[in-house]
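Visitor: I would like to go through this model step by step. Please show it first.

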Amino acid sequence: RVLVLEAWRDALAASGAGEDELNKVEEMMPKRLKKKRQIYGEDAEPAGWEEYYDYIFPEEEAKAPSLKILEMAQQWKKRKLEAGNAES
């Protein structure tokens, strides 16, 4: 998706399209986040860390509030379990 949006933006810029069209495409462009994940060797032992880029699109950000509610529910459940274990 990123490559298609970049090609679209470049084609509009080369054709001399208006600012409105360019802004529309720019609003669809994702945010680029640099992340790390652990990699494993053939023997299933940790072999170091790998850096990679993750893209967050604006329409995916709109879905994020529902995920935040789920995360809050998981934290609540964890606190309830810890409180129950502390009383025992």
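Guide: Helices (H or I, at least four residues) and strands (E, at least two) are DSSP runs, numbered from the N terminus. The model is a predicted one.

Visitor: How many helices and strands does the protein have, and in what order do the elements run?
Guide: The protein has 3 helices and 2 strands. Read from the N terminus on, the order of the elements is α-α-β-β-α.

Visitor: What radius of gyration does the protein have, against that of a compact globule of 88 residues?
Guide: The C-alpha atoms fill a box of roughly 70 × 40 × 15 Å along the principal axes. For a compact globule of 88 residues the radius of gyration would be near 12 Å, but the value for the protein is 22 Å.

Visitor: What percentage of the residues of the protein count as buried?
Guide: Buried means under 20% relative accessible area. The protein exposes about 7700 Å², with 54% of that supplied by carbon and sulfur atoms. Of its 88 residues, the buried share is 9%.

Visitor: How many buried residues are there in strand β1?
Guide: Strand β1 covers residues 31-40, which makes 10 residues, and is hardly covered. The count of buried residues among them is 0.

Visitor: How many bridges join β1 to β2, and which residue in β2 does Arg37 stand opposite?
Guide: β2 spans residues 46-56 and runs antiparallel to β1, with 10 bridges joining the two. The residue in β2 that stands opposite Arg37 is Glu50.

Visitor: Which residue in the hairpin of β1 and β2 takes a positive phi, and is that residue buried or exposed?
Guide: The hairpin has 5 residues between its strands, and Ala44 is the one with a phi near 65°. This is a positive value in a residue other than glycine, and Ala44 has its place in the loop between β1 and β2. The cut-off for exposed is over 50% relative accessible area. Because its relative accessibility is 55%, Ala44 counts as exposed.

Visitor: How many aromatic pairs are found in the whole structure?
Guide: Ring centres of Phe, Tyr and Trp must lie within 6.5 Å to pair. A search of the whole structure gives a count of 0.

Definitions and conventions
Residues are numbered from 1 along each chain as its sequence is written. This is a predicted model: local features need pLDDT of at least 70, side-chain atom pairs count only at pLDDT 80 or more; totals for chains, interfaces and linings use all residues. Side-chain values use heavy atoms; hydrogens and water are left out. Buried means under 20% relative accessible area, exposed over 50%, partly exposed in between (1.4 Å probe, protein chains only). Two strands pair if DSSP finds at least two bridges between them. Rings of Phe, Tyr and Trp (its six-membered ring) pair if their centres lie within 6.5 Å; planes under 30 degrees apart count as stacked, over 60 as edge-to-face and the rest as tilted. The radius of gyration is taken over C-alpha atoms; the globule rule is 2.2 Å times the number of residues to the power 0.38. Accessible areas come from the Shrake-Rupley method with a 1.4 Å probe; for residues, only the protein chains shown count as cover.
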